[in-house]
2 protein chains.
Amino acid sequence: MKIDGIHHRSISIRENDPHTVWIIDQRHLPHHLIWEPLRTAEETAIAIEEMHVRGAPMIGVTAAYGLYLAALQIGDASDFDRHLMAKAEMLNATRPTAVNLKWAIEQQLLCLESGGTNAEKTARLLANAHKLADEDAETCRMIGVHGLELIKEISRKKNGAVVNILTHCNAGWLACVDYGTATSPMYQAFDAGIPIHVWVDETRPRNQGARLTAFELGQHGIPHTVIVDNAGGHLMQHGQVDICFVGSDRTTVTGDVANKIGTYLKALAAKDNGVPFYVALPGSTFDWNMRDGVKEIPIETRNPKEVTWMDGKTADGRIEDVLLTPETSPAINYGFDVTPARLVTGLITERGICGANEREILSLWPEFGPKA
Amino acid sequence: MKIDGIHHRSISIRENDPHTVWIIDQRHLPHHLIWEPLRTAEETAIAIEEMHVRGAPMIGVTAAYGLYLAALQIGDASDFDRHLMAKAEMLNATRPTAVNLKWAIEQQLLCLESGGTNAEKTARLLANAHKLADEDAETCRMIGVHGLELIKEISRKKNGAVVNILTHCNAGWLACVDYGTATSPMYQAFDAGIPIHVWVDETRPRNQGARLTAFELGQHGIPHTVIVDNAGGHLMQHGQVDICFVGSDRTTVTGDVANKIGTYLKALAAKDNGVPFYVALPGSTFDWNMRDGVKEIPIETRNPKEVTWMDGKTADGRIEDVLLTPETSPAINYGFDVTPARLVTGLITERGICGANEREILSLWPEFGPKA
């Protein structure tokens, strides 16, 4: 990922200070780029819960580093494992929908199994957090390698005319360690010289599209246009969308996808207009125990103020938070919705592209299939 | 319609000043209720184009009064008809999608046909504007009478449990002279003591739901909850919506409906979840010459700043306009989309409820059918 032409990762530890994890406090984008230091598990939990960072892969990796910070806090104290488990529980409670969070924490807790001193465990937690971050970057890169083929094919069919891609929310590098999931094919297509243009759903209530995806694409130089969430159906009716790429926060083994609220509406419009609708996701978002996404995936409700208030930058450069509704009107704020597998053309994973159904998913992840 | 418990119409001439037409400048709602005087056709055109007033019926009636104001401006000058036609053309150009605008202006121009002095024509233009306003109020009342039956039926089936209604944009009394179209059944149900609750789509980019519908319902005491436009599909998947009521800006003779951008997405979700989707509309929104709404209805594109900027009230009571996107990200702003008739359960009109198809529409409006 590039910011002002320089390559960064969304989360990192700097060489001169091994006790601090750096993230971008994404709440201030696109108007201000603020790097935030995390020094405790509690700061990490706040950063996840209050969405300084968001996006399934990024949440997972941040929580993993948070457990390393927890280990530093515990230091030489006795009962290391018990203390760490408590911090893990606190981190796990921050966001209920994203399955990566639980997954990454579980991966970290495996570091306790081989025992040893507090220092040894702490070193393993750090190494494993780095490993998860590296793996996530590589996973996203591979999602791009596979997704690129879909864009290439459309570009060929259109004889090189601009490929119009619609995306919802931010499944970009800000949501991951690098590259992004839904955006990874876009970056690779652009870097390969294929003309593309991206319709960026603003993605109310938190406007991750208008704030983050637009920022990312702009920094990379990719042509894009911000639209309200209401506009995608109209564009698809009029042949202005060639393909949709979105991310996933949790995916059932049957191919149902929980993603940012409103994804389902775009999938319906894509289906109604014959537009391919692809979900880009790392294998870590699969929930191998769930079969009916609409019924089973817990959907987080968030603070209604995210609906009734909006912040942005005034013409003279001040950041202001403004009320949009009558003072007395209540609001409700669902974070996600579930897109049933029947509306999903395919899943783009680090292991390749497959249909949104159990057979094809398990053909890529046979280790989770029925025992032979 | 009630504001602070007192009955008002959205547009009126006050007894003590026959040369001024009063509207609510809706851009300041819900935070400030500002009555605006219109004294010329040009002020009227600005009020329509810049959306001090909006909504198909209200636009039509406002333009009708605008032609009366034009007549006052012309006064004793010669070439009355030619001058008036020029003002009519100016008013007609303000909003391309709403067919009521054209219709109301045509109704007014018929006043010229019987000739007479400038003063006689002016008096006829005033009387006819009042007539159009009265007819609109009565039309909306009758839409409520018919739509009420749908709510009563659901209430019966639910044994009196709260009926949950979803609406998009503002097809309320602010969009009409009184009662509203989509809201008219809600007001009548509430006044009849039927327990209802309304999900109010905020309706980006101009937030007519969050600003206007929430204001209207709140003033009338109707329980409601504001949601982002992305949330309706999730609510329908989970049985939280019993029926949808929306308005229409133009309706083809085949039943396709042009309404605020995003209506199509809600209609798709309603279809997918078996939720009845009704469009409430006065007969004046029918375009008897159009058969394919998606192909034929012109869709207005508006200033992209409506997408990239948002205004609201700060915690200390100032109105501020804030930028939501990166400075360099372009946006596009479609005002409407078209919902194909196949997604519409029925049309609620002043003449009764009918299916969204040519046969049933013409059974209510036989005068526009094939000559016997």
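Trainee: Why is the pair B:Asp287 and B:Arg250 called a salt bridge?

Mentor: In this predicted model, the closest N and O atoms of B:Asp287 and B:Arg250 are 2.8 Å apart. The cut-off is within 4 Å, so the pair counts as a salt bridge.

Trainee: Where do B:Asp287 and B:Arg250 sit?

Mentor: B:Asp287 is in strand 13 of chain B and B:Arg250 in strand 10 of chain B. They are 37 residues apart, and the pair links distant parts of the chain. Both B:Asp287 and B:Arg250 are buried.

Trainee: What makes B:Asp201 and B:Lys266 a salt bridge?

Mentor: Their closest N and O atoms lie 2.8 Å apart. The limit is 4 Å, so the pair qualifies. B:Asp201 belongs to strand 7 of chain B, B:Lys266 to helix 9 of chain B, 65 residues apart. Both B:Asp201 and B:Lys266 are buried.

Trainee: Why is B:Glu320 called buried, and A:Arg318 partly exposed?

Mentor: B:Glu320 has 12% relative accessibility. Buried means under 20%, so B:Glu320 counts as buried. A:Arg318 has 33%.

Trainee: Which residues are linked with B:Glu320 and A:Arg318 in a network of salt bridges?

Mentor: A:Asp316, A:Glu320, B:Asp316 and B:Arg318 are in that network too.

Trainee: How many salt bridges cross the interface of chain A and chain B?

Mentor: Eight. One more example to look at is A:Arg204 with B:Glu202, the closest N and O atoms being 2.6 Å apart. Over all chains, the search finds 54.

Trainee: How much area do chain A and chain B bury between them?

Mentor: About 5,000 Å², with 60% of it on carbon and sulfur atoms. In chain A, A:Asn230, A:His234 and A:Leu265 lose the most area to chain B. Together they make up 14% of what that side buries. Each chain brings 64 residues to the contact.

Trainee: Why is A:Leu323 called buried?

Mentor: Its relative accessible area is 6%. That is under 20%, so A:Leu323 is buried. A:Leu323 is found in strand 15 of chain A. Beyond its neighbours within four places in sequence, its contacts include A:Trp309, B:His31 and B:Gly312.

Note on methods:
Residues numbered from 1 in each chain as written. Chains lettered and ligands numbered in written order. Predicted model: local features only at pLDDT ≥ 70, side-chain atom pairs only at ≥ 80, totals over all residues. Heavy atoms only, no water. Contact = heavy atoms within 4.5 Å. Buried area = accessible area lost by both parts, 1.4 Å probe. Salt bridge = Lys/Arg side-chain N within 4 Å of Asp/Glu carboxyl O. Helix = DSSP H or I, 4+ residues; strand = E, 2+ residues; numbered from the N terminus. Buried < 20%, exposed > 50% of the residue type's maximum accessible area, 1.4 Å probe, protein only.
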